[in-house]
Amino acid sequence: MPLEPLLPLFHRLNREHFQARLAPGGVPLLELRWSDGRMRRTAGLYRRGRRADGRDLCEIVLSRPLLDPLPREALLSTLCHEMIHAWVDRVLQVREVHGPHFRARMAAINAAQQGFEVSLRHRYPLPGGGTSTASRWIARCPRCGLTAPYRRRVRGLACRVCCERHHGGRWHASCLLDFSEPGRTPGQGV
(Lines give C-alpha, C1' and ligand atoms only; values in the text may rest on other atoms or scores of the structure.)
Protein backbone atom coordinates (compact mmCIF):
# COMPACT_ATOMS: atom_id res chain seq x y z
CA MET A 1 0.00 0.00 0.00
CA PRO A 2 1.53 3.38 -0.96
CA LEU A 3 2.19 5.96 1.73
CA GLU A 4 -0.50 8.55 2.26
CA PRO A 5 0.25 12.15 1.19
CA LEU A 6 1.00 14.22 4.29
CA LEU A 7 -0.18 17.68 3.23
CA PRO A 8 -3.95 16.94 3.25
CA LEU A 9 -3.64 15.32 6.70
CA PHE A 10 -1.61 18.28 7.94
CA HIS A 11 -4.24 20.77 6.77
CA ARG A 12 -7.05 18.74 8.34
CA LEU A 13 -5.30 18.43 11.71
CA ASN A 14 -4.28 22.09 11.53
CA ARG A 15 -7.93 23.18 11.10
CA GLU A 16 -9.25 20.79 13.75
CA HIS A 17 -6.67 21.28 16.50
CA PHE A 18 -4.52 24.35 15.85
CA GLN A 19 -7.05 26.97 14.64
CA ALA A 20 -5.24 26.90 11.24
CA ARG A 21 -2.30 28.78 12.79
CA LEU A 22 0.32 26.41 11.36
CA ALA A 23 -0.68 27.46 7.83
CA PRO A 24 -1.73 31.11 7.79
CA GLY A 25 -3.45 31.87 4.50
CA GLY A 26 -3.21 28.16 3.63
CA VAL A 27 0.62 28.23 3.41
CA PRO A 28 2.32 25.85 5.90
CA LEU A 29 4.97 27.37 8.19
CA LEU A 30 7.06 24.24 7.61
CA GLU A 31 7.83 21.49 5.14
CA LEU A 32 6.43 17.96 5.48
CA ARG A 33 7.98 14.81 4.11
CA TRP A 34 8.38 11.08 4.53
CA SER A 35 11.88 9.93 5.49
CA ASP A 36 14.12 8.39 2.88
CA GLY A 37 14.06 5.10 4.78
CA ARG A 38 16.86 5.75 7.28
CA MET A 39 14.67 6.71 10.28
CA ARG A 40 14.22 3.35 11.99
CA ARG A 41 14.00 4.14 15.71
CA THR A 42 11.81 7.23 15.86
CA ALA A 43 8.42 7.62 14.20
CA GLY A 44 8.80 11.31 13.46
CA LEU A 45 10.68 14.49 14.20
CA TYR A 46 10.26 18.24 14.04
CA ARG A 47 13.36 20.30 13.46
CA ARG A 48 14.20 23.91 12.88
CA GLY A 49 17.55 25.45 12.08
CA ARG A 50 19.74 26.27 9.09
CA ARG A 51 20.60 24.21 6.04
CA ALA A 52 24.21 23.81 4.93
CA ASP A 53 23.66 26.54 2.32
CA GLY A 54 22.40 28.99 4.96
CA ARG A 55 18.68 28.81 4.14
CA ASP A 56 16.16 28.33 6.94
CA LEU A 57 15.09 24.79 7.76
CA CYS A 58 11.77 23.99 9.40
CA GLU A 59 10.27 20.57 8.77
CA ILE A 60 8.40 17.56 10.00
CA VAL A 61 9.81 14.22 8.86
CA LEU A 62 7.90 10.97 9.39
CA SER A 63 9.49 7.53 9.34
CA ARG A 64 8.59 5.47 6.31
CA PRO A 65 9.92 2.15 7.78
CA LEU A 66 8.08 2.50 11.10
CA LEU A 67 4.75 3.96 10.02
CA ASP A 68 4.17 2.27 6.65
CA PRO A 69 3.12 -1.13 8.11
CA LEU A 70 1.04 0.37 10.96
CA PRO A 71 -2.62 1.47 11.05
CA ARG A 72 -3.57 5.01 10.00
CA GLU A 73 -4.07 6.01 13.66
CA ALA A 74 -0.29 5.68 14.20
CA LEU A 75 0.32 8.10 11.32
CA LEU A 76 -2.23 10.61 12.66
CA SER A 77 -0.86 10.37 16.20
CA THR A 78 2.74 10.87 15.07
CA LEU A 79 1.95 13.73 12.69
CA CYS A 80 -0.13 15.47 15.35
CA HIS A 81 2.66 15.01 17.93
CA GLU A 82 5.16 16.70 15.61
CA MET A 83 2.64 19.43 14.78
CA ILE A 84 2.38 20.22 18.50
CA HIS A 85 6.17 20.71 18.55
CA ALA A 86 5.85 23.06 15.54
CA TRP A 87 2.93 24.93 17.16
CA VAL A 88 4.85 25.48 20.42
CA ASP A 89 7.93 26.64 18.49
CA ARG A 90 6.46 28.66 15.61
CA VAL A 91 3.15 29.94 17.02
CA LEU A 92 3.80 30.29 20.76
CA GLN A 93 7.53 30.93 20.17
CA VAL A 94 8.46 28.94 23.27
CA ARG A 95 11.52 26.72 23.56
CA GLU A 96 10.50 23.44 25.19
CA VAL A 97 10.48 19.79 24.29
CA HIS A 98 7.60 18.09 26.11
CA GLY A 99 6.99 20.88 28.60
CA PRO A 100 3.74 22.36 29.92
CA HIS A 101 2.60 23.98 26.65
CA PHE A 102 3.15 20.75 24.73
CA ARG A 103 1.38 18.64 27.36
CA ALA A 104 -1.60 21.01 27.60
CA ARG A 105 -2.14 20.97 23.81
CA MET A 106 -1.72 17.18 23.71
CA ALA A 107 -4.32 16.74 26.47
CA ALA A 108 -6.75 19.10 24.68
CA ILE A 109 -6.39 17.21 21.39
CA ASN A 110 -6.86 13.83 23.08
CA ALA A 111 -9.97 15.10 24.89
CA ALA A 112 -11.46 16.61 21.71
CA GLN A 113 -11.46 13.47 19.55
CA GLN A 114 -11.49 9.67 19.70
CA GLY A 115 -9.80 8.74 16.40
CA PHE A 116 -6.23 8.53 17.71
CA GLU A 117 -4.23 9.31 20.84
CA VAL A 118 -1.23 11.62 20.92
CA SER A 119 1.44 10.45 23.36
CA LEU A 120 4.89 11.61 24.41
CA ARG A 121 6.67 8.54 22.98
CA HIS A 122 5.72 5.97 20.43
CA ARG A 123 5.75 2.31 21.29
CA TYR A 124 5.63 1.05 17.73
CA PRO A 125 7.59 -2.08 16.83
CA LEU A 126 11.02 -1.33 15.40
CA PRO A 127 11.97 -2.83 12.02
CA GLY A 128 13.87 -6.06 12.47
CA GLY A 129 12.21 -6.66 15.83
CA GLY A 130 14.20 -3.94 17.59
CA THR A 131 16.49 -6.49 19.18
CA SER A 132 19.66 -5.28 20.80
CA THR A 133 21.87 -8.19 19.70
CA ALA A 134 23.97 -5.78 17.60
CA SER A 135 24.27 -3.33 20.50
CA ARG A 136 27.79 -2.84 21.71
CA TRP A 137 27.03 -0.28 24.41
CA ILE A 138 24.65 0.05 27.34
CA ALA A 139 23.66 3.57 28.36
CA ARG A 140 22.62 4.10 31.99
CA CYS A 141 21.08 7.16 33.59
CA PRO A 142 22.84 7.98 36.88
CA ARG A 143 19.68 9.62 38.29
CA CYS A 144 16.96 7.04 37.62
CA GLY A 145 18.99 3.97 36.65
CA LEU A 146 17.17 3.47 33.33
CA THR A 147 19.27 1.53 30.79
CA ALA A 148 19.09 1.26 27.01
CA PRO A 149 21.19 -0.52 24.36
CA TYR A 150 23.11 1.51 21.74
CA ARG A 151 25.25 0.50 18.78
CA ARG A 152 27.71 3.32 19.47
CA ARG A 153 28.56 5.80 22.21
CA VAL A 154 26.78 9.12 21.82
CA ARG A 155 28.36 12.23 23.35
CA GLY A 156 26.12 14.59 25.27
CA LEU A 157 23.11 12.26 25.38
CA ALA A 158 20.85 12.82 28.38
CA CYS A 159 18.04 10.75 29.87
CA ARG A 160 14.78 12.00 28.36
CA VAL A 161 12.73 10.82 31.34
CA CYS A 162 14.85 12.73 33.88
CA CYS A 163 15.10 15.84 31.68
CA GLU A 164 11.30 15.90 31.45
CA ARG A 165 10.77 15.11 35.12
CA HIS A 166 13.37 17.46 36.62
CA HIS A 167 14.08 20.15 34.00
CA GLY A 168 10.83 20.83 32.15
CA GLY A 169 11.89 18.78 29.12
CA ARG A 170 15.15 20.68 28.60
CA TRP A 171 18.52 18.95 28.27
CA HIS A 172 20.57 19.11 31.48
CA ALA A 173 24.07 17.89 32.25
CA SER A 174 22.92 16.19 35.47
CA CYS A 175 21.03 13.69 33.27
CA LEU A 176 23.96 12.68 31.03
CA LEU A 177 24.01 8.96 30.27
CA ASP A 178 26.98 6.77 31.23
CA PHE A 179 28.03 4.35 28.49
CA SER A 180 29.62 0.98 29.15
CA GLU A 181 30.17 -2.24 27.24
CA PRO A 182 28.00 -5.14 28.40
CA GLY A 183 29.80 -7.00 31.15
CA ARG A 184 31.84 -3.93 32.21
CA THR A 185 30.92 -1.34 34.79
CA PRO A 186 30.74 2.33 33.76
CA GLY A 187 34.06 4.08 34.29
CA GLN A 188 36.24 0.96 33.66
CA GLY A 189 37.54 2.55 30.49
CA VAL A 190 37.08 1.55 26.90
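Ile-84 sits in helix α3, which spans residues 72-91; helices (H or I, at least four residues) and strands (E, at least two) are DSSP runs, numbered from the N terminus. The model is a predicted one, in which local features need pLDDT of at least 70 and side-chain atom pairs count only at pLDDT 80 or more, while totals for chains, interfaces and linings use all residues. Residues are numbered from 1 along each chain as its sequence is written, and side-chain values use heavy atoms, with hydrogens and water left out.

Ile-84 counts as buried because its relative accessibility is 0%; buried means under 20% relative accessible area, exposed over 50% and partly exposed in between (1.4 Å probe, protein chains only). Leaving aside residues up to four places away in sequence, Ile-84 touches Phe-18, Phe-102, Arg-105, Met-106, Ile-109 and Val-118, where contact means heavy atoms within 4.5 Å. Asn-14 lies 70 residues from Ile-84 in sequence, yet their C-alpha atoms are 9.8 Å apart in space.

Asn-14 leads on to helix α1, where it is buried along with Leu-6, Leu-9, Phe-10, Leu-13 and His-17. These residues lie on the same side of α1 because they cover an arc of only 135° around the axis, the arc being that of the directions from the helix axis to the C-beta atoms. An α-helix has 3.6 residues a turn, so residues three or four places apart point the same way. On the other side of α1, Pro-8 and Arg-15 are exposed. The buried residues of α1 pack against β1 (31-34), β3 (56-62), α3 and α4 (100-112). Just after α1, Gln-19 adopts a positive phi of about 50°.
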